[in-house]
Amino acid sequence: MITIYSEKHRLRDAKTELFGGLLVPPYESPSRADIVLARVNSKKLGEVIAPREFGLEPVLALHDAGFVEFLRVAWDEWSQTEYEGEVIPTCWPARRMSQRIPDFIDGKVGYYALSSETSISKGTWEAAIASKDVALTGAELLLNGDQTGTSLLAPLKASGVKGVFSLCRPPGHHAAFDMFGGYCFLNNAAIAAQWFRDNGIERVAILDVDFHHGNGTQDIFYEREEVLYLSLHGDPRDAFPHFSGYSDETGQAAGEGTTFNCPLPRGTQFKTWCDKLKECLTKIDQFGAEVLVVSLGVDTFEKDPISFFKLKSDDFLSIGKLIADLKRPTLFVMEGGYDIKELGINVVNVLQAFEG
Ligand SMILES: [Zn+2]
């Protein structure tokens, strides 16, 4: 399997995360991508290639233009104030307050943030742009093939199994139409899914196996009938993002029935999780998805420091095998996973088992 990877992920190197009332070093750190890449190489998963640049058009196809401009200038505007730390929101347009966009960066960041743990730091914008290019390059490779012009999609339709791994960092599934948070700025998986749509693929499914609900992906496609979004995640009554991911959120308007949420309780073991995964895979099959995008978070792992499921390293092999059984061209997009020690093992277990 080919991996797409950009060194520019290092530009996202925030010093602070608001966690448990303290400012701590962020769980979402450059070492995450390093450890995954090291495992990709040591297990000889396949070639690792750099992304090409796609510009802002695919971003603006899904995200609000004002929001994108905010992300671009946020660090510069913050740097011009007397503030000494990183960009952290402190005030929101909460219930019954005005929804207008303030002029001062302090107000703007509150308007565009969905949560406060994720600080914007110098280089965040550049890393987020590179990350969506990693996702898009993976999508393009899956659809159009490699530099030799060999399409990966065509043989896939015949043989049933082919995948590409976009090692995105920062992750993306919490980034909504006009909000950042949960370590996410631009929604890499959604941008890739839309790219497939814009390049002749009729029906795309996004399977989100990250521990957290992908509120951003749901938000972006909530009223769309040609993109199916399915997520297994910690029950939002107990887990971030708390205000999204309930089972009665099923899509609306034309998108009614194309969102499927499986919230699961504390201590969930693989057997229970896997039964829900199989339900999701059946729905993807029935939907007639031509391409599958997997939001690949492995923070479902039993030792993950910020999550509460109990999956073991070997379980990730089963996940890869079950996804392969769908026989759809599959783009794996890296999302969460914070147990640095075994992060690479768990990610590559999914990918290698998918390849068979
Ligand atoms: Zn997560």
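Which residues touch the most other members of the largest nonpolar core? The points below take this up first, then turn to the sheet and to one helix residue.

1. The model discussed here is predicted. Its largest nonpolar core holds 99 residues, and among these Leu-167, Ala-192, Val-293 and Val-333 touch the most other members. Helix H5, residues 124-144, supplies the largest share of this core, with 12 residues. In soluble globular proteins, nonpolar side chains tend to be buried together.

2. Leu-167 has contacts with residues from several parts of the sequence. Leaving out residues up to four places away in sequence, Leu-167 touches Thr-3, Ile-4, Tyr-5, Ala-33, Val-36, Leu-37, Val-134 and Met-334.

3. The sheet is open and built from eight strands, with parallel pairing. The strand order is S4-S1-S5-S10-S9-S6-S7-S8. At the edges are strand S4 (48-49) and strand S8 (259-264), each of which pairs on one side only.

4. Strand S6, residues 204-208, and strand S9, residues 291-296, run parallel and are joined by five bridges. Ala-205 has Leu-292 in S9 as its bridge partner.

5. Phe-316 belongs to helix H10, which covers residues 315-324. Is Phe-316 buried or exposed? Phe-316 counts as buried because 26 other C-beta atoms lie within 10 Å, and the cut-off for buried is 20 or more.

6. Phe-316 touches Val-298, Asn-346, Asn-349 and Val-350, not counting residues up to four places away in sequence. Gly-245 is 71 residues from Phe-316 in sequence, and the two are 23 Å apart in space, C-alpha to C-alpha.

Methods:
Residues numbered from 1 in each chain as written. Predicted model: local features only at pLDDT ≥ 70, side-chain atom pairs only at ≥ 80, totals over all residues. Helix = DSSP H or I, 4+ residues; strand = E, 2+ residues; numbered from the N terminus. Buried ≥ 20, exposed ≤ 12 C-beta atoms within 10 Å, placed from the backbone. Contact = placed C-beta atoms within 7 Å. Core = buried A, V, L, I, M, F, W, Y, C linked by C-beta atoms within 7 Å. Pairing = 2+ DSSP bridges.
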